[in-house]
Amino acid sequence: MKSPKTFRMAAMAALTNAIELRVEAELLAENGHNSRAAALAVIGLEEFAKAVACTLAAIFPEQSSDLWNRLKDHNVKQWIAQTFEGLECELQYWIDGISWGSGVNSSPEPEAVLLETFRTLSKSRWGSIVPTKTSANAAAKKDQKFLNDPRMHARPTEIMATQFLKNAAFYVDVEEGEVLLPTRVDRYANYEIRGLACSLEHRPLLKQILSDDHKWEAFAGAVRRTPGGGLSIEEEALTPKKRAIKELQRLPETATWDQIKKKIERAVQSAAEERRMTS
């Protein structure tokens, strides 16, 4: 298992990489290479999501291995980025509401806002910040269908469909008899770059906390003490076969055939009951 210190270093490196990707995306857009610019901005957002996830892994090291394994999937990182963005919007509405209600035009300190963001991410009521690959891929397929709809590109809107925008920016595709070129995502470039820039507003403060042991201990401790807090990782629903294999791996080498059969039967029954409950 990687140490909390390693995850802190990984979070800082991911933040640095994200800002470099933003600069490179801006250079491409300024020189008319908008589709590739959009793709780099999306990758930068994934790196920002990785920084958020690694920060959470450092705060909750007992769950860090499961989290890290999920980060190998691009759609999981997009889920994390969009969850973080949604939470930021919710907190901003809350801050604006307090300012409006009190009649005082003042905002909390950035440190307090960042802390509240991570504390809220750790609460189970917000849902799983780290989804299964199945959930993330299902959400991504909806965006892919939307992005590949030729009718959508005639609309004068700026709707972000991030998961498959990278592939669309690099490859030619065919949908409903129409040839789709990478230029179909050109108009997303500035939107994606602005979205990445907005996410990276937290970069200097978060990096400062990650790099300072004293500040980190105070920050991580405050998140861990959040009532109802804890890293929420969605559990993968196992098929009967996977459940049986998992159960068999727990048996000693001296297990009898009867013990093996009983394990398989219980695993199949447990998997079937779990699927009925979630369907």
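The side chains of Glu46 and Lys166 meet in a salt bridge, with N and O 2.8 Å apart, the term standing for a side-chain nitrogen of Lys or Arg within 4 Å of a carboxyl oxygen of Asp or Glu. Because Glu46 lies in helix 2 and Lys166 in helix 7, this pair ties together parts that are 120 residues apart in sequence. Both residues are buried, where buried means under 20% relative accessible area, exposed over 50%, and partly exposed in between, computed with a 1.4 Å probe and protein chains only.

The model is predicted, so local features need pLDDT of at least 70 and side-chain atom pairs count only at pLDDT 80 or more, while totals for chains, interfaces and linings use all residues. Residues are numbered from 1 along each chain as its sequence is written, and side-chain values use heavy atoms, with hydrogens and water left out.

By the salt-bridge rule the count comes to six, and the table gives three of these pairs.

| Pair | N to O distance |
|---|---|
| Glu46 and Lys166 | 2.8 Å |
| Arg8 and Asp213 | 2.9 Å |
| Lys77 and Glu46 | 4.0 Å |

Lys77, in helix 4 (residues 74-102), and Glu46, in helix 2, are 31 residues apart; Lys77 is buried at 8% relative accessible area, and Glu46 is buried at 3%. The side chains of Arg8 and Asp213 also form a salt bridge, which links helix 1 with helix 10 (residues 213-224) across 205 residues. Arg8 is buried, with a relative accessible area of 6%, whereas Asp213 is partly exposed at 46%.

The protein chain has twelve helices and two strands, taken as DSSP runs numbered from the N terminus (helices H or I, at least four residues; strands E, at least two). Buried residues make up 41% of its 279 residues.

In helix 8 (residues 189-199), the buried residues are Ala189, Glu192, Ile193, Leu196, Ala197 and Ser199. These residues cover an arc of only 160° around the axis, which puts them on the same side of helix 8, the arc being that of the directions from the helix axis to the C-beta atoms. Their cover includes helix 1 (4-30), helix 2 (34-59) and helix 7 (165-170).

On the surface, Val172, Val174, Val179 and Leu181 form a nonpolar patch with about 360 Å² of accessible area together, an area that comes from the Shrake-Rupley method with a 1.4 Å probe, where for residues only the protein chains shown count as cover. Patches are made of residues with over 30% relative accessible area and no salt bridge, joining like charges within 9 Å and nonpolar side chains (Val, Leu, Ile, Met, Phe, Trp, Tyr) within 5 Å. Val179 is placed in strand 2 (residues 178-180) and counts as exposed at 51% relative accessibility.

Technical notes:
Contact means heavy atoms within 4.5 Å.
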